[in-house]
Every structure is written in C-alpha cells, then in structure tokens.
Amino acid sequence: MSQYQGDDMDYAAEDFEMAEAHDDMYFRVMGDSESDEDNDDDDHLDTRVTDTSAADARRGKDIQGIPWDRLSISREKYRQTRLDQYKNYENIPQSGAGSEKERGTYYEFWRNTRSVKSTILHFQLRNLVWSTSKHDVYLMSHFSIVHWSSLSCKKTEVLNVSGHVAPREKHPGSLLEGFSQTQVSTLAVRDNLLIAGGFQGELICKYLDRPGVSFCFRTTYDDNAITNAVEIYDNPSGAVHFMASNNDCGVRTFDMERFQLSKHFTFRWPVNHTSLSPDGKQLVIVGDSPDGLLVDSQTGKTITTLSGHLDYSFASAWHPDGRIFATGNQDKTCRIWDARNLSKSVAVLKGNLGAIRSIRFTSDGQFMAMAEPADFVHVYDAKNGFEKEQEIDFFGEISGVSFSPDTESLFIGVWDRTYGSLLQYNRCRNYAYLDSFL
C-alpha cells in the first residue's frame, strides 16, 4: 500500500490533490460557505442538520438530509458529475472497469445518525466500523473509538488514543510504557474484544467489559510499519486469537489467553488484508501485488497463487461455508473464488467509482457487502450465485461497512466535512403470510 505521509485527517501525499479537488467540487455543489472550523464542530452540525429516519425517507427526505430543493443542481445531476469526475486511486494505471447488474433489494434504509461522526485516517484503509449486534456498533471518530447504540440513540467513548495509552495488565511482550497519540489505521471488534492497529505498527487490545487497556504491542519498528488489517478469530481449540497484517510484509497471529505472538509469516510484498478460512486451515493473503495467495495457516507456505486482478488488493473475506472467498482490488472489482478450483475466479463483480476496499459476508452466508471508497455499497445475493445486487447510493467517503452478527442490520460509516454520519439499513423481511390472518 502507499506509505502514509499526512497528519491527522490528511490523505497520503500523492493522493491529497485528488481529495482536495473532490472536496472543492462537493462544497461548490452543496453551497456550503462555512469554515473548516465550523465543519469540525459536531454540536454545531447537529443543530443544522438532524438525523434522518426511515419515516422521513418515506416522506421524501434525502437520507443524508441534503436539501436538494434548495440547491442549484439535482441529486441525479450531481451523481452523474461524481461518476464522471471521481478519480479512482490506482497503483497500476488503467486497471479499473464498469458493468451493468441485475437489481435486488435486501436491506432497507432505517436511519442516518448525524450525532456520531465516522472518520478516516488513510485513504486506502476502510475497516473502521464493526457491529456486535443489530443495535451496537463501534467506529473511529477522530482520535476516539466510540460505541453507538441505535436502541438508546446514545454514543459512548470507549477509548481515547489522542493522549497516552498504556496497559493496566502485565503480560510478556506487552509494552508497559504504551503509546502516545496513536493514529488508528484499522479496527476489529468481536464479542467483548476490541483490537486497534496503528500507523507505527501499534496494536492496542481492550476488553470491553474491563477498565482500561489489557495489552499493547508494537509489531515492528520498520519505517513502513502501518497495521493494515486485524482479524479476530477462534483457533481450532476454541481459544481466541487475532491476526495482524502489516506493511512490513508480515502477518502475525497472537494468542489472547497469554497475550503472546504465536506465528509470524513474511511475504514478498506488503500485506494489506488477510482472512482465515472458517475451518482455520487456510489464509487468503492480499497486498501490493495483482496476485493474491492462498496459504497454509500453520506453516505459512503458499498453496496456490490467485491470478486475475490487475492492481493491488485491500480486502478479502471467506464465505461461512468455507468453500468460496472474495478479494477486493483497486481495479474496481471484487473477485469470487472457489477453493476447490482456483485456476480462475468464478465471478467478477464491478464497482462504479473506485477500488473495492471492504468486503463482508453475513453470518448465514446469504449476502455479501462490498464497499467502494466513496458513495456506493453493493449487497449481493451470495446464496444464489451473486447474480442479483442491491446498490446503496449516498455521498461521502466510506470508513467501513459491517453486518450485525444476526444479519439483521448493515452499518455504513460515511465521512466528509459536512454530511459525515452513520447509516443503518435493516434486513427486509417478507411478512406477507401474516396478512392472511388480518
């Protein structure tokens, strides 16, 4: 991946000009005359634009509260402008493409929450939103990891990394001096465990039901040490482990019972994302290469090379059945692979604007969501061969996408200086059989 060069909310230096051009166009269209200081004031924003509910949307209100009737351009015209002008970041030029798809509707808009701001620190890393139930979601908001409850409509700060963070517990290998002003690049939350990865190779582990931080570790002191992705999983014995993918070409696994490094594999290129198969035997490794790898999880040896993508990949995910998996790439495609025959991908799903930077399957295997860097999340019917797709359309950079474990909710973090928020979609259910009793 591209080495991070900026401070706080800046993009990498080579892409900053693109981001500024995007923002300039956005604010010209929105007619926003407020200063950046005003735009960063959460309380001020919340008094200007309120949350949008499903009932509001049914009455015709824009889901993000954008007042199109007061603007000099229609939503349709602005959408076309974005499609025409948005620049997809590519490490390998001219790798992107586009296509038409058959439509479906699987999740319906429920609420756009303005009181919690989902933010991004790196333009290529978009795994900063995690749901633990249909009402509970965790996300990055500037230097805070916050919890949002859609049931109580309250947000709570879980961990503030703007100052000094140090572990309260002593474990071998834990950096007791901790870290200061950690810039969180990636996040993972499962059950009561939260893992945050940082731009200097930091790993911060916190149990949500315990005070403070349990474990701090620096994976590497390499100059290009950024933690690109984290995955929490159960190993075959049932013990909780987590896996970190780093820009120093390493993949490391940690035993959470002893808070110890258990395995360290090294590859030829920076690893941007790693996914473990449901049976714990295989790893999908993607990174700064058009080719991905299927790897033995115990030895780190390559089983086969995954060929087909045209650029670097930043996302991967296994289907719960353990037979198929997906990879997301800067060539604007998500490829579906069958582990029983990896000579070529079995499907190629194409985005609209840019790279596929986040992929999630529902726990029941029915649906798969893939997120572009901005404006579009695509939900596919994975159970029926990915033939039908629901396209969720809004405006803003995407910080992450997450299904709730019970598959009932889909959360999308949206970041921009004016309309940043958290979108919630709920699973469509057909209750028509009940109508016969009415």
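1. Cysteines. The sulfur of C216 lies 7.7 Å from the closest cysteine sulfur, that of C205, which is too far for a bond. A disulfide is defined here as a pair of cysteine sulfur atoms within 2.5 Å. Across the whole structure the search returns zero disulfides. C205 is accordingly in no disulfide, its nearest cysteine sulfur being that of C216 at 7.7 Å. C216 counts as buried because its relative accessibility is 0%, and C205 is likewise assigned as buried at 0%. The classes are as follows: buried means under 20% relative accessible area, exposed over 50%, and partly exposed in between, with a 1.4 Å probe and protein chains only.

2. Basis of the note. The structure is a predicted model, in which local features need pLDDT of at least 70 and side-chain atom pairs count only at pLDDT 80 or more, while totals for chains, interfaces and linings use all residues. Residues are numbered from 1 along each chain as its sequence is written, and side-chain values use heavy atoms, with hydrogens and water left out.

3. Aromatic pairs. The search of the whole structure gives 15 aromatic pairs. Rings of Phe, Tyr and Trp (its six-membered ring) pair if their centres lie within 6.5 Å; planes under 30 degrees apart count as stacked, over 60 as edge-to-face and the rest as tilted. The pair of Y78 and F395 is tilted, because the ring centres are 4.8 Å apart and the planes stand at 45°. This pair links distant parts of the chain, with Y78 in helix α5 (residues 75-85) and F395 in strand β29 (residues 388-403), 317 residues apart. Helices (H or I, at least four residues) and strands (E, at least two) are DSSP runs, numbered from the N terminus. Y78 is buried, with a relative accessible area of 0%, and F395 counts as buried at 0% relative accessibility.

4. F217 and F254 form an edge-to-face aromatic pair, with 5.1 Å from centre to centre and 70° between the planes. Distant parts of the chain are again linked: F217 belongs to strand β13 (residues 215-218) and F254 to strand β16 (residues 250-255), 37 residues apart. F217 is buried with a relative accessible area of 15%, and F254 counts as buried at 0%. Ring pairs join Y207, F215, F217, F242, F254 and F259 into a cluster.

5. The β4-β7 sheet. Four strands form an open sheet in the order β4-β5-β6-β7, with antiparallel pairing. β4 (129-131) and β7 (154-160) are at the edges with a single partner strand each, so one side of each has no neighbour in the sheet. From one strand to the next, the twist averages 25°. Two strands pair if DSSP finds at least two bridges between them. Strand β6 (residues 144-149) pairs with β7 in the antiparallel sense over six bridges, and V146 stands opposite E157 in β7.

6. Positive phi values. Most residues other than glycine have a negative phi, and most peptide bonds are trans. H142 has a positive phi, near 60°, and is a residue other than glycine. H142 is placed in the loop between β5 (136-141) and β6, and counts as partly exposed at 33% relative accessibility. T407, also not a glycine, has a positive phi of about 70°. T407 sits in the loop between β29 and β30 (409-415), and counts as buried at 3% relative accessibility.

7. N329. This residue lies in strand β23 (residues 324-329) and counts as buried because its relative accessibility is 0%. A polar atom of the N329 side chain lies 2.7 Å from the backbone nitrogen of D331. Leaving aside residues up to four places away in sequence, N329 touches H309, L310, D311, Y312, S313, A355 and I356. Contact means heavy atoms within 4.5 Å.

8. K263. This lysine lies in strand β17 (residues 260-266) and counts as partly exposed at 25% relative accessibility. K263 and Q298 are 35 residues apart in sequence and 8.3 Å apart in space, C-alpha to C-alpha. With residues up to four places away in sequence not counted, K263 touches V251, R252, T253, S297 and Q298.

Technical notes. Polar contact = N/O pair within 3.5 Å; in protein donor to acceptor, adjacent residues only side chain to side chain. Axes fitted to C-alpha atoms, helices over the stretch in contact; angles between N-to-C directions.
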